Amino acid sequence: MPDSGIDGFLLDATAIVYEDARATRAIGTAFRVAPEYVVTAGHVADAVDTRCFLGFGADLDAASARVVARFSGPRSGRGDWSFDDLAVLRLEEPDRVAAPCVLLAEPVMTLGDELIACAMNGIFQEEFLEIYRAPEARAPGEPHAGYRVRHVHEGGWFTIDGHRAVVPGMSGGPVYSVRHGGVAGFMKGSENRDATGGVVVLLLDGLRRLCDRELYEDLVVSHDAYHRPGGDSSWSDHLTGRDAVVRRWLVRILGVLARLPRGQAQDVPPGLVDLLFRDFLPPPADRFVVLRDLAEYLGTQSTNPAYDLARFCVLTAQNIAPQPDSGIAEELCTLAEQMLPPRQRAGFRHQFPCAGAVQPATTTVFGVIRAEEVPWVGAEPPPFRFELFRKYGDHDIDPYQVSEPCPDYGQAKAALKAELDTLLRATSGAVELVIALPDNYLSEEPLHQWRRPRDGRPFSRFVMRLRRSNTWEKDAEQSAELEQRFRRLRARAEQGLLWLECADPRSMDLPGLQDLFADPEPAALDGIAVVEPPSAEVLTAAQSNALPVTLWRIDRCAAHPTGIDCPGTEFREALLERMHGVPPEEWHPLIWREQRSSAISDARDRLWRRIICIFDKPGESVRSYPLSGPEPTRRDAV
């Protein structure tokens, strides 16, 4: 590595982006921000599909990466030129890449701030990386060779002045702020053909808007772990700007926070924000995706950063979830005392007592798909719509969105997944998803197989549970009725079951089935057994708690493979013979054990694995999961 301080680090961390492995056409510049991640401009990544090739440093050491997130705005004219122009690449073999990771910062840029940029010089035929910075000494009136801030704009970008325009090939190059001691953004382009200088896009702000929570957390936390003292980087040893001292403290604080487990432990406790901003209005909540964002904000935007960072360390130590044997809380308090002058250290950590750790509240997102509850005439099925509700902690449930009618269930489910994906990207902290689906779609696609439309990752990293429709939620009257049936069934054993044969007309009449169990006399039936694949009416009756016990075959019997005029006698007799002396309430675990037996036998494959048994126990709010045979057979039957 060249012995030239920041210039050497910046040069080695920067790469030329190529379309192909032969490096025949360079399309822009990129730079490494974390061990596995590289950042470039979105319009540079648009020139490739999903994979590109990189040449790092002065020697253009080869590497390859894949695009994992990007957005780039329209460029049809200056008036609608979006500055959401960012792409994140994941290195395919990060351990083989020797390039260092840049040190990131999110400062408040001001007029005249000196900048150092590194980018591809695309003017010459042979591409190479070049450092653009102001020399330490120059003659009066001589234009500086680097760039300085001209004007900061709303929307995450600022313009710069320099001795040359940002030309094609420089897009995506890192821009380092000398005063603040970190890479604040990257080159985007020129304002116009005649201007010297160009436009720089702020990096961390763009990452928060582009990346979902998981990707953003992985990127910034691994970046902080890389730069912590004793790690693989010594960037902080070469900082010389006015705010270098604060940046060094931030590097140490963020390195400690990076030792917290990923996920909920990295969340910003709501109580911590209230304590730190008790005397003035806090910034928007989406500004703090993870805990390190709060420390970065206090270190760069506070009028007294050392004091406020010390407060942050003490209060964070009191509010984070305990990490056994990690020493994180004690290390934060030690850093707080070291940041302050000696006269302020005595008893500092006791100036901000906290009643107890404030645990992050859980956001519960309720998603419901339902058919239109309106009179519907016509051969086509009624349309579906989805509804979203949100609940934070102990607060009330708030309506979030009601969709337009969708032609069918599949489109409603796809629209719900897309909206859930969008909502989760904007939600920090622990999230629980509660999904309610129509009864006849409960087993179509298990929740653990749901995937996020944007990148194909599963939703299952969140706590998910399926809330079946209201017919599966027992009220007190239903529970009392089931308790009575349960006792009678235990006393009467299988005599309390009605065996419905496949040709029984009652199996096609839902009201008739329910009336079988409505007689209050002791002789009333307590359950039903179906000896062939059940009809839709039987399934609906079982799901509506009209039938406390439902037993059916999931395949045709051997004696009557066509199922025509088949009473299922052989199956029923074989089952009752096996269950002799076993009360029906114990059939569920017995069948379950036999189905899962590892011993291959004719009984296991021809009897036990062709049975589904749902047993409804009193006091349970949701039925036990049905026993089932092989997957293809179960899907065909139900």
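Two axes that meet at an angle under 35 degrees count as roughly parallel. Keep that cut-off in mind as you work through this predicted model.

**Exercise 1.** Work out how helix 5 and helix 8 are oriented to each other, and find which residues make the contact.

*Solution.* 
- Step 1: Locate the pair. Helix 5 covers residues 244-257 and helix 8 covers residues 305-319.
- Step 2: Look at the geometry. The helices pack at an angle of about 10°, and their axes are 11 Å apart.
- Step 3: Apply the cut-off. Helix 5 and helix 8 are therefore roughly parallel to each other.
- Step 4: Find the residues that touch. Helix 5 brings V246, L250, I253 and L257, while helix 8 brings P305, L309, F312, C313 and T316.
- Step 5: Sort them by class. This contact has 8 nonpolar residues, 1 polar and no charged.

**Exercise 2.** Find the cavities of 30 Å³ or more and describe what lines the largest cavity.

*Solution.* 
- Step 1: Count. The whole structure holds 2 cavities of 30 Å³ or more.
- Step 2: List the lining of the largest cavity. Among its residues are H223, D224, H227, R247, L250 and R292.
- Step 3: See where the lining comes from. Helix 5 gives the largest share, 4 residues.
- Step 4: Sort by class. The lining of the largest cavity divides into 5 nonpolar, 2 polar and 3 charged residues.

**Exercise 3.** Describe the lining of the second largest cavity.

*Solution.* 
- Step 1: Of its 10 lining residues, R485, F486, L489, P548 and D616 lie nearest the centre.
- Step 2: Helix 12 (residues 476-492) supplies the largest share, 4 residues.
- Step 3: By class, this lining has 7 nonpolar, no polar and 3 charged residues.

Note on methods: Residues numbered from 1 in each chain as written. Predicted model: local features only at pLDDT ≥ 70, side-chain atom pairs only at ≥ 80, totals over all residues. Heavy atoms only, no water. Axes fitted to C-alpha atoms, helices over the stretch in contact; angles between N-to-C directions. Helix = DSSP H or I, 4+ residues; strand = E, 2+ residues; numbered from the N terminus. Parallel < 35°, antiparallel > 145°, perpendicular 65-115°, else oblique. Contact = heavy atoms within 4.5 Å. Nonpolar A, V, L, I, M, F, W, Y, C, P; charged D, E, K, R; others polar. 1 Å grid on protein atoms, 1.4 Å probe; cavity = no way out; pocket = protein on both sides within 12 Å on 5 of 7 lines; lining within 4 Å. Points joined across faces, edges and corners; volume = space filled by probe spheres on them.
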